Amino acid sequence: MLTKMREEIDEIPAAAARLLKESSDAIGECADALRRKDPSVVVTIARGSSDHAAYFLKYAIELQLGLPVASLGPSLASIYEAPMKLENAAAFAVSQSGASPDIVAMMRGARLGGATTISLVNTLPSPLGDAATIAVDIKAGPEIAVAATKSFVNSIVAGLAIVAGWSDDKELASAVARLPEHFSQALKLDWSALIEPLTNADSLYMLGRGPALAIAAEAALKCKETCELHAEAYSSAEVLHGPVSIVGRNFPVVGFAARDKAEASIAQTISKLASNNAACFITSENSDGANRLPFIATGHPLTDALMLIVPYYGMVESLSRARGFNPDKPVALKKVTQTQ
């Protein structure tokens, strides 16, 4: 059975190419506005998969520009009605629908507080697009499956393109331009080795550091959404400060490692866990004892990290069906969640 989720995963390369071609003017406008603003801090506003995309962009901005990035709780505006002092800030809101009232309220609050506001949204016109200084259509196209895939990826692609222009980083800009090609290669990777140990699992950990931790967070959410499988994302350093105590002999652990300065740290943690656990997996060749998952080396640490989600999405769609679920229609979930 070809599910909508599988179809949308397969659309990721074309969706990314469409975004880079058709939204290039808006991306350039954002980069210009951010250079003029020269913010001293950046804030993000999002929920769910969109918040994981914002989490990825937090690391990208901090690593590329040296600016601190903080996530604002939308309830600050929608429930508490607390004004924010953001005269020296930029704000990014990320949303597939652009319709959640609390996200829109927080974006309006950020703009009223003086921030230069940018919405990365898959639906224009939309309330969130209207609330922003600049709205970027992420051009993922209609997404029917409840679990976000191509919209998550394109939100990050749009953000990375903005960061590349903002920081005038030609190396990152080149890596972003090659993303559609690399996504096509990543779709061919086989992560099916995860399916058997996860089919009968009750819980697992997803580990990463830096941008790969954002990917781990998204991976954990997809386990919950599509497979009714409890998964938690941790920093590979943080997991050793307590959570490791419940990792048993067959407690699955997946390490998301990019080709960056954190790879050795993640590999070291996974090696420790693998010494007593046959169900450890990692996207690295530098770990002893763990099962190795194939990956695409893009030549840039940020795009390397993003590439990890594509074969994972393909695997988790198959895992959902193996566990007896329909990944297109998770029980108790809706495509657009309108929270106050």
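Leu 207 is buried, with a relative accessible area of 0%; buried means under 20% relative accessible area, exposed over 50% and partly exposed in between, computed with a 1.4 Å probe on protein chains only. The model is predicted: local features need pLDDT of at least 70 and side-chain atom pairs count only at pLDDT 80 or more, while totals for chains, interfaces and linings use all residues. Residues are numbered from 1 along each chain as its sequence is written, and side-chain values use heavy atoms, with hydrogens and water left out.

Leu 207 belongs to strand S6 (residues 203-208). Helices (H or I, at least four residues) and strands (E, at least two) are DSSP runs numbered from the N terminus. Apart from neighbours within four places in sequence, the contacts of Leu 207 (heavy atoms within 4.5 Å) include Ala 216, Tyr 234, Val 239, Val 254, Phe 256 and Leu 273. Val 254 is 47 residues away along the chain, yet its C-alpha atom is 6.1 Å from that of Leu 207.

There are six aromatic pairs in the structure. Rings of Phe, Tyr and Trp (its six-membered ring) pair if their centres lie within 6.5 Å; planes under 30 degrees apart count as stacked, over 60 as edge-to-face and the rest as tilted. Tyr 55 and Tyr 59 make a tilted pair, with 5.5 Å centre to centre and 45° between the planes. Both sit in helix H4 (residues 48-65), and because they are four residues apart, about one helical turn separates them. Tyr 55 is partly exposed at 28% relative accessibility, whereas Tyr 59 is buried at 19%.

Another pair, Tyr 205 with Tyr 234, is edge-to-face, at 5.2 Å centre to centre and 75° between the planes. Tyr 205 lies in strand S6 and Tyr 234 in strand S7 (residues 230-235), so this pair ties together parts 29 residues apart in sequence. Tyr 205 is buried at 4% relative accessibility, and Tyr 234 is partly exposed at 25%. Ring pairs also link Trp 191, Phe 256 and Tyr 312 into a cluster.

Residues of H3, including Ile 27, Ala 31 and Leu 34, meet residues of H8, including Ala 161, Ile 162 and Trp 166. The residues of this contact divide into seven nonpolar, one polar and one charged; Ala, Val, Leu, Ile, Met, Phe, Trp, Tyr, Cys and Pro count as nonpolar, Asp, Glu, Lys and Arg as charged, and the others, Gly among them, as polar.
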